[in-house]
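User: Could you walk me through how the helices and strands are arranged here?
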Amino acid sequence: QAIAGNQDAATVLRQKGYSGELTILPQFGVDPAHFAPGAGRATDSPLRIGYAGGLLREKGVDLLLAACAGLRGEWRLAIAGGGAQAGALRSLSEEMGIAERIEWMERIPSDQMAAFYQKLDVFALPSRTLPNWKEQFGRVLIEAMACGAAVVGSNSGEIPNVIGEAGLVFPEDDAQALTSHLQQLLDRRERASALGLAGRERVLAHFTMAHIAAETVAVYKKLLGREQ
């Protein structure tokens with residue numbers, strides 16, 4: 001009996017010759033009482049899009065800027081985090097003529113992240129796979145989903161498996177596809193609200209700390225039962 005943290009890890013185990021029972025189970029979850037929806041989201045204000053994480057090439061923040069630059073209508077973008085591309089990304093936003101619509105923030109402590117997500121209509125994770133890296137899970141996704149934000153992510157690594165049917169997925173490095181998803185949510189605010197509700201339900205069903213702990217205990221109980 002083995003536990004793999006994501007689908008890619010399970011594939012690696014099989015490729016290395018493991019043929020026993022295998023459970024795919026995230027190694028962490030969220031507290032849904034802390035990461036919870038805040039006040040109701042206004043549908044007559046600019047679409048509030050957010051990103052939190054490293055300002056690094058693999059995270060694809062440049063792609064998010066390009067996608068937002070192609071939107072028609074009112075929107076605002078909040079970016080929280082730091083990294084090697086911070087200066088270049090700010091310069092890029094100036095070149096694209098969208099700097100006035102972006103709020104740049106330093107990395108936010110984990111115990112304060114819920115307040116960040118609660119202000120968003122949409123959370124985006126536009127990660128891109130590199131030769132030595134791909135998205136292994138995307139904890140920010142389940143945090144944002146728990147807070148009722150609609151999520152949009154690339155198909156890098158585990159992102160599609162985390163989002164499931166409760167959000168929108170686009171091909172890596174495809175800014176036009178990301179623009180299309182964001183435009184849909186800008187034009188149809190009820191769609192964003194519906195995805196936010198679906199994301200919260202998906203977290204409650206699969207990604208709470210209590211659920212993951214219970215599933216982990218179940219695996220060990222099954223294993224111990226066989227050994228007796």
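Analyst: Two strands pair if DSSP finds at least two bridges between them, and helices (H or I, at least four residues) and strands (E, at least two) are DSSP runs, numbered from the N terminus. This is a predicted model, where local features need pLDDT of at least 70, side-chain atom pairs count only at pLDDT 80 or more, and totals for chains, interfaces and linings use all residues. Residues are numbered from 1 along each chain as its sequence is written, and side-chain values use heavy atoms, with hydrogens and water left out.

User: Which residue in β4 is the bridge partner of Arg48?
Analyst: Strand β3 (residues 47-52) runs parallel to β4, and six bridges join them. Within β4, the partner of Arg48 is Arg76.

User: How is α2 oriented to α7: oblique or roughly parallel?
Analyst: Helices α2 (residues 61-69) and α7 (residues 175-187) pack at about 55 degrees, their axes 8 Å apart. Axes are lines fitted to C-alpha atoms, for helices over the stretch in contact, and angles run from 0 to 180 degrees between N-to-C directions. Angles under 35 degrees count as roughly parallel, over 145 as roughly antiparallel, 65 to 115 as roughly perpendicular and the rest as oblique. Therefore α2 and α7 are oblique.

User: How many residues of β4 are buried?
Analyst: Buried means under 20% relative accessible area, exposed over 50%, partly exposed in between (1.4 Å probe, protein chains only). Strand β4 (residues 75-80) is largely enclosed by the rest of the structure, because its buried residues number five of the six.
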